[in-house]
Amino acid sequence: MAAALALALGVPALVASGTSASGSSSLTAPADDSPEAGFARDMATHHQQAVDLSFIVRDRTDDAPVRTLAFDIINTQANQRGMMMGWLDQWGLPQHSAAKPMTWMRMNHTYEAHDGSLMPGMATNAQLTKLRSLSGRDAEVYYLQLMLEHHKGGVEMAQGYVDLARNETEKRLAQSMVVGQTSEIQLITDMLTERGAAPGVPAS
């Protein structure tokens with residue numbers, strides 16, 4: 001987990017040291033309907049929910065491994081979200097769009113938003129409410145189950161952008177997400193096993 005976090009935090013360091021998201025291959029800002037803009041917007045939204053989930057569980061359990069995972073996700077994904085929002089500002093593009101999420105992937109996604117779950121992997125409002133109602137081991141397990149699905153959706157989206165990317169800086173960030181979240185998927189699976197629980201979010 002430490003290695004994955006270091007990799008993820010290494011990309012923000014590029015921006016902090018002066019690397020912009022304009023990319024070396026193009027001097028023009030991405031179009032409003034480009035994969036670059038769509039990925040930045042959608043992944044920022046996806047990341048925000050991961051941060052929200054992690055803040056909820058942080059206050060619902062004293063378990064050190066779960067709190068450490070939540071802390072890592074809060075720091076990594078809030079940092080990355082800030083980068084993506086900053087790029088949109090740099091490009092002179094709005095941070096939100098009326099377009100259906102993930103249309104930029106051009107893969108005819110059939111996912112239907114419902115109850116606050118806008119993209120694959122995102123928890124519903126009902127699931128967030130349930131997590132807030134739990135504590136101790138029950139909160140830990142439910143958080144891990146929700147985050148496992150959340151990461152799977154995030155990896156799919158990040159890889160989708162890597163396959164379409166025309167901006168090298170943003171592509172490197174997306175690649176770091178694929179590596180980091182894939183590593184955490186295995187970690188979370190192991191943590192569920194240690195708690196005698198199975199992957200998959202149980203029906204409410």
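A: A residue counts as buried when its relative accessible area is under 20%, as exposed when over 50%, and as partly exposed in between. The structure above is a predicted model. In that model Met102 has a relative accessibility of 4%, so Met102 counts as buried.

Q: Where is Met102 found?

A: Met102 is part of the loop between α3 and α4. Met102 is also among the residues that Met157 contacts beyond its neighbours within four places in sequence.

Q: Is Asp115 buried or partly exposed?

A: Its relative accessible area is 39%, so Asp115 is partly exposed. Asp115 is found in the loop between α3 and α4, and Met102 is found in the loop between α3 and α4 as well.

Q: How many helices and strands does the protein chain have?

A: The protein chain contains six helices and zero strands. Along the sequence this reads as α-α-α-α-α-α.

Q: What share of the residues in the protein chain is buried?

A: Of the 204 residues in the protein chain, 47% are buried.

Q: Which residues have the most contacts inside the largest nonpolar core?

A: In soluble globular proteins, nonpolar side chains tend to be buried together. Here the largest nonpolar core has 52 residues, and Phe39, Met84, Tyr143, Leu144 and Met157 have the most contacts inside it. At least two residues of this core come from each of α2 (35–58), α3 (64–90), α4, α5 (136–164) and α6. The helix that gives the most to this core is α5, with 13 residues.

Q: Which residues is Met157 in contact with, leaving aside its neighbours within four places in sequence?

A: Met157 is in contact with Phe39, Asp42, Met43, His46, Met102, Trp104, Met105 and Met119. For the chain as a whole, residues 24 or more positions apart account for 79% of the contacts with a separation of 6 or more.

Q: How do the axes of α2 and α4 cross?

A: These axes come within 9 Å of each other and cross at roughly 20 degrees. Angles under 35 degrees count as roughly parallel, so α2 is roughly parallel to α4.

Q: Which residues of α2 and α4 meet?

A: From α2 there are Gln49, Leu53 and Ile56, and they meet Leu128, Leu131 and Arg132 of α4. By type, the residues of this contact divide into four nonpolar, one polar and one charged.

Q: Is Gln127 buried or exposed?

A: Gln127 lies in α4, which spans residues 125–133. Its relative accessibility is 15%, so Gln127 counts as buried. Beyond its neighbours within four places in sequence, Gln127 contacts Tyr142, Leu146 and Val201.

Q: Is Lys171 buried or partly exposed?

A: Lys171 belongs to helix α6, residues 168–194. Its relative accessibility is 22%, so Lys171 counts as partly exposed. Not counting residues up to four places away in sequence, Lys171 touches Tyr161, Val162 and Ala165.

Q: How many Å apart are Lys171 and Gln159 in space?

A: From C-alpha to C-alpha, Lys171 and Gln159 are 9.3 Å apart, with a sequence separation of 12 residues.

Terms used
Residues are numbered from 1 along each chain as its sequence is written. This is a predicted model: local features need pLDDT of at least 70, side-chain atom pairs count only at pLDDT 80 or more; totals for chains, interfaces and linings use all residues. Side-chain values use heavy atoms; hydrogens and water are left out. Helices (H or I, at least four residues) and strands (E, at least two) are DSSP runs, numbered from the N terminus. Buried means under 20% relative accessible area, exposed over 50%, partly exposed in between (1.4 Å probe, protein chains only). Contact means heavy atoms within 4.5 Å. A nonpolar core is a set of buried Ala, Val, Leu, Ile, Met, Phe, Trp, Tyr and Cys residues joined through side-chain atoms within 4.5 Å. Axes are lines fitted to C-alpha atoms, for helices over the stretch in contact, and angles run from 0 to 180 degrees between N-to-C directions. Angles under 35 degrees count as roughly parallel, over 145 as roughly antiparallel, 65 to 115 as roughly perpendicular and the rest as oblique. Ala, Val, Leu, Ile, Met, Phe, Trp, Tyr, Cys and Pro count as nonpolar, Asp, Glu, Lys and Arg as charged, and the others, Gly among them, as polar.
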